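This report walks through one protein model, a few pieces at a time. Look at the sequence and structure first, then read on.

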Amino acid sequence: MADHVPSGLLEACVVVGASEDKLKDVCQSLKQVDGTTDMPVLDPEVLQVHVPPFVTKGNTGESGGHGTFSRVQRRESFIQKDERPVSAPSDPVEAESTKVVGVPKEIDLMALSHLCFPGGLQVTDEPKEEQFHFLVLTDVFGNQTHGVVLRCYRPFQLYTAHAICVISKHPYYNALKDCLSCFLVQLRTCRLSEEMVKEFAAKLSLVPIPPPGQLHVMFNLRPLMVFLPAREDKDLPAVDLDLHLPFLCFTSEQILQIITGILMEQKVVFFSADWSRLTLVAECFLLYIQPLRWQHPYAPILSHQMLDFTMAPTAFIMGCHLNQFQEVAAETVDLMLINIDDGTVSSSCHETVDIPDIPFASAECFIKRSQKLQLQYDLEVCRQGAGADINEMRMLRRQWQQNLNRDIQKITLELIVNTFRDVSSHLNYEHRVFNSEGFLNNRELADQPFYKKVLETHIFHSFLKDRLNRKMDVFTPCLFPIPACPFPQRLIHCNPTHLLLSFLRMNATNISRRHTMQEMAKKYSTGPDHHLTKSLGMRFSNLGEERHLSLLRKSSLNKILNPKSGENWGKILEAFPKCTANSMLLGMAIFHVPPDDSALLARYPFRTLVLSRLDALSDFQSLYKTDIEIFPSGLVKTLVDSLEKDERSQADGRPELKRLISKVMKDNEIVLVQTDDPVKNFKLPKSHMQPDDFVKHIQESGVVKDVATIYRLFEALTLGQLKQVDPELFGMFYTSWKETGAKAEDIDLPAEVMQFLDANECVYKLSSCVKTNQGVGKIAMTQKRIFLLTDARPGFVEISKFRDIEEVNISFAPLLLLRIPSLKIKSSLKKEVFEASLKSECDLWNLLIKEMWAGRKMADEHKDPQYMQQALTNVLLMDAVVGCLRTQKAIAAASKLAYFDSVKDEVSMMVPKTTSEMLKHKINPSLDLPTPQTVHVLLYTPGQLYYSEADATRNPKLWCALSGGRVVVFDATSWSMSQNSIQVGYCQLNCMLRLDKDQVWIASQDSIIYIIDTRSMSCNKQLTDCCMIFVLIRPSSPPPSQMYSCSSDGTVILWDVSTLKVKKQFNLTCGRLVSIQLFNGSLWCCKLTTVSLGARDQLWTSCSDSDELCLWHSEDLTKPVLRIQLQNCPGVNCMIKVKNQIWVGCRGQRLGHGRVRGKIYVVNTEEHSVEKELMAHTDSVQALCSAEGRYVLSGSDCQDGKIAIWKVE
């Protein structure tokens, strides 16, 4: 079972030095020669290895000896094999105690001995001061362990050094250094012994590693309080070093140069005369490039025996002593040589490093930010008095360092985000394709050499995999404005305007890649204040009262400075108040942790030590309900695999454990599939394509994502041919698409013309020079207007905005035997009709302008701005189709893409006057998806319109549940998407309910209630003790202390909100239960019926297959009081009460030609009549919700998939 015990702080403790026999031989040989002989350098040997656990099954249950620490161990210290034969011990206990330890497989003892003395083990005739240095050990699978080495000298006739190396799986460099510093105090007063080292290692092995999040660990090792910061995320390492060290050694430009070399996977070698600097500086640079990860050999310290490693043919990062600088530089070419002591960066071939520079805009922002860093702690403490408590002084220093680390991480993450921000807009998630050519073409010319090299690296390929797997790391939130999360604050926040533009670039077609007027006027003027402005990641919690070992949560700094505060920590985990603490006493203390506390993760090692694996599994089940984010799925899988046959049978007999085991196994399989799924670069097809293949290749190319638009493009390219596209035609179209985009990018408008255009306008089409009735010039088209670009002043003549156009047609003027076509445009704001002799371009411009006009008209009528964006996409596709076909049928083919011009006059697309008056706006939650998704549930959560950034309050939100467990969140003040996607399982979501300002409960058909934290916008809690859930309701009286849920099988559960436990449960034998309502103290459970509460003991009901609305009185349930006929209603899907109205959402009505019209009926509850019939959806209305009684929001089925916002009168 020991193999399944997770490591605490200590993985191993190793003592390295020279054996006594060898030291005697050296001293004897020195006596026989004169004193001028140089002191010898010895080969270090491993003297001791101590590996946890330090207790066995036999002594965990013993209570005798007043809690003495037992020395009978299952895995003992490493013992050097003596060449002399040793008789076998007769005592079994003695035999076990002399058993050679099983050293962790990640640790190579032979290499470790040289790394503890990288410069060799020297014998001296005088003592030297103690020194520390740091190690990173990497095995062949890339798994890393981290070590801190203390080298100190002891007398043995002469003076010889020995090293104590503590090794951990986690990079707690400062903490381990503090531990060794405490141990050094003991060494100065007594002789080093194996028992002393063993006891020190046993203490460290008891220290649990804090889980990711807000939980930190602090323990007293005397004389110091040692602090273990938690990881911000389960995929990120803990940051326990000083990230500003490189800023003290190098300039900002040099730091950028080193980062560039790492991103390009160069052969990097650090040099220093101080071994301790090598690892710390190298680790800083690897943290700077997060979330990108180094994929190649990494050895920040090389001993003099390992210098051959620098001749490796692959990329690497290594560290050597400064004395080996010339030797390393002479042996290998193309090395990037970094001298930490002198602050220089050079090459083994040249005096300077010849690599492309990082993009200018990103570099400039980084340099400006770094200049504002306060790197000197002495300046910070000038105003403070001298401290009398060393731990208080260390706490203040640590707090300053944490703030500085956070600022540095924010700056370096901003650098990575600015450099790779547009990567996501060139990814196709469905087919896992990255359009590298398109990405490169959209970079600045001066930046392209940098990107060409980076795009070929393993680092970037791994980064692409994370993006395609939609990994929520520190990079992802930077693309979207996410509300502030006071604790934990996991996400970075950017300028909302900048983020909205990034979102549009990610989800739209190439139309958004044209330069706006603002970008053309001020391409690089964006200062650092326009980028990342919030602090990076989760803030470390302040530390609590000084205890021997405390799991620290939300406590203020006052609790640290005032040791009398926080006296009620009796139930918090305490360990080894005395070195002789028995593990059973420790277990009794830790078992007091409540089942809803995240600290129970620390209880697992002690559960497993006493072979209580089912209890450990129950702890994980409680943790799964409490905080999914820190749930160790891999550790639970290991625990499940270690269960004996009878234990597994017992676990399968407990429903909650069986569900947990099934969930963990399934999740591990999903992660394995995602990890192995490769990333493809886009390549032009080489065979003929049927419609489905054509859709796939167009989506992979990044031209357009919408499936319906791609099918229209297929019809255009195959007009008059067999219904398949040959690869040559596809290549011609793709080239034409790129060329038209490049032409628009190259348009350079004069400054006097740009002042007439809006800041966000882009020129998408420019004609050749033509003659018009307004003069000679070029006709230009933006997303808002068409204008004439003339050579004469003022250079700008507006023809018309698209919404002001009244008529567009082609007329023919006779010229000799020819008829010259000219385009006429009539604007409602001008009396004179604009006329241009476009000649061969006339038919194309006629198509383009009519489509934009129709798109603008429908966008205004339907209050849906996406129509205009889609019309612009159609126009660009038509332009590319005409450019690639170049035949007489090109215009006829392009007309297949004029969707809005063809449907603008259809009855199903017309908006009645009543609907137009009530409709305020429409939004599309499926904007980034290839096909529209059904809007299953809508939820509006109120907020405050005005608040400071420090407040935890937020804007009101609209939550939208789509198909496949996807939840999209909109900011209800601007109706812009604030959260692209929260994945809540993979089944249909049936209900959403806001419990309080910090929680939203979501019921799913996978029989789970998901609880969303509205601050971090993540799902960290689940309720699994239920069946397929359809409705969640809560009592109206605040605060909400309980919640009802109903399931399809008739199960109704009453939940305790504070404990997330079932208070009461009962079953109804009514068949399929659809909804419940709490009314006048009674719970109304409905079968195949939709219920809405009325006034004065009235209820309104209807059915999915009925066209009637029934009014009931609660005192007489024999028959309805009133029936209201809903004309042309195929059935009711949903209804809600708003003020004195009942809003009823109906199933779609068939209109022929595959068209569907979804209706909303507004019923007056006082007059008992239908007031209005609203028609804005082209499919069934599936969801309704109210926004504070002022607006009603409706969501439709997948043929429409949009949300309409209605004004309530």
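Helix α26 (residues 691-701) and helix α27 (residues 707-717) pack at an angle of about 115°, with axes 10 Å apart. Axes are lines fitted to C-alpha atoms, for helices over the stretch in contact, and angles run from 0 to 180 degrees between N-to-C directions. Therefore α26 is roughly perpendicular to α27; that label covers 65 to 115 degrees, while angles under 35 count as roughly parallel, over 145 as roughly antiparallel and the rest as oblique. α26 passes α27 in a right-handed crossing. A crossing is right-handed if the near helix is turned clockwise from the far one by less than a right angle, and left-handed if anticlockwise.

From α26, the contact includes Phe694, Val695 and Ile698; from α27, Ile710, Tyr711 and Phe714 are among the residues involved. Contact means heavy atoms within 4.5 Å. By class, the residues of this contact divide into ten nonpolar, one polar and one charged. Ala, Val, Leu, Ile, Met, Phe, Trp, Tyr, Cys and Pro count as nonpolar; Asp, Glu, Lys and Arg count as charged; the others, Gly among them, count as polar.

## The model and its scale

This is a predicted model, in which local features need pLDDT of at least 70, side-chain atom pairs count only at pLDDT 80 or more, and totals for chains, interfaces and linings use all residues. Residues are numbered from 1 along each chain as its sequence is written, and side-chain values use heavy atoms, with hydrogens and water left out.

The protein has 34 helices and 53 strands. Both are DSSP runs, numbered from the N terminus: helices are H or I with at least four residues, strands are E with at least two. Of the 1209 residues, 56% count as buried. Buried means under 20% relative accessible area, exposed over 50%, and partly exposed in between (1.4 Å probe, protein chains only). Among contacts between residues at least 6 apart in sequence, 59% join residues at least 24 apart.

Helix α30 (residues 842-862) and helix α31 (residues 866-885) pack at about 165°, with their axes 8 Å apart. The angle is why α30 counts as roughly antiparallel to α31. The crossing of α30 past α31 is right-handed.

On α30, the contact includes Leu844, Leu847, Leu848 and Glu851. On α31, Tyr867, Met868 and Ala871 are among the residues involved. This contact has 13 nonpolar, three polar and three charged residues.

## A mixed sheet and its helix

Five strands form an open sheet in the order β11-β12-β10-β13-β14, with mixed pairing. Two strands pair if DSSP finds at least two bridges between them. β11 (298-299) and β14 (344-347) are the edge strands, each pairing on one side only. Helix α9 (residues 275-288) packs on this sheet and touches β10 (267-272), β11 and β12 (316-321). The direction of α9 makes about 140° with that of β10.

Strand β13 (residues 335-339) pairs with β14 in the antiparallel sense over four bridges. Leucine 337 stands opposite serine 346 in β14. Glutamine 324 lies in the loop between β12 and α10 (325-331). Glutamine 324 counts as buried because its relative accessibility is 14%. Beyond its neighbours within four places in sequence, glutamine 324 is in contact with Phe271, His304 and Leu307.

## A covered strand

Ten of the eleven residues of strand β7 (residues 158-168) are buried. Strand β1 (residues 12-17) pairs with β7 in the antiparallel sense over five bridges. Here cysteine 13 has valine 166 as its bridge partner in β7. Strand β4 (residues 121-124) also pairs antiparallel with β7, over two bridges. Threonine 124 has tyrosine 159 of β7 as its bridge partner.

## An antiparallel sheet

Four strands make an open sheet in the order β32-β33-β34-β35, and the pairing is antiparallel. Its edge strands are β32 (989-996) and β35 (1018-1023). The twist averages 25° from one strand to the next.

Inside it, five bridges join β33 (residues 999-1004) to β34 (residues 1009-1013). Alanine 1003 stands opposite isoleucine 1009 in β34.
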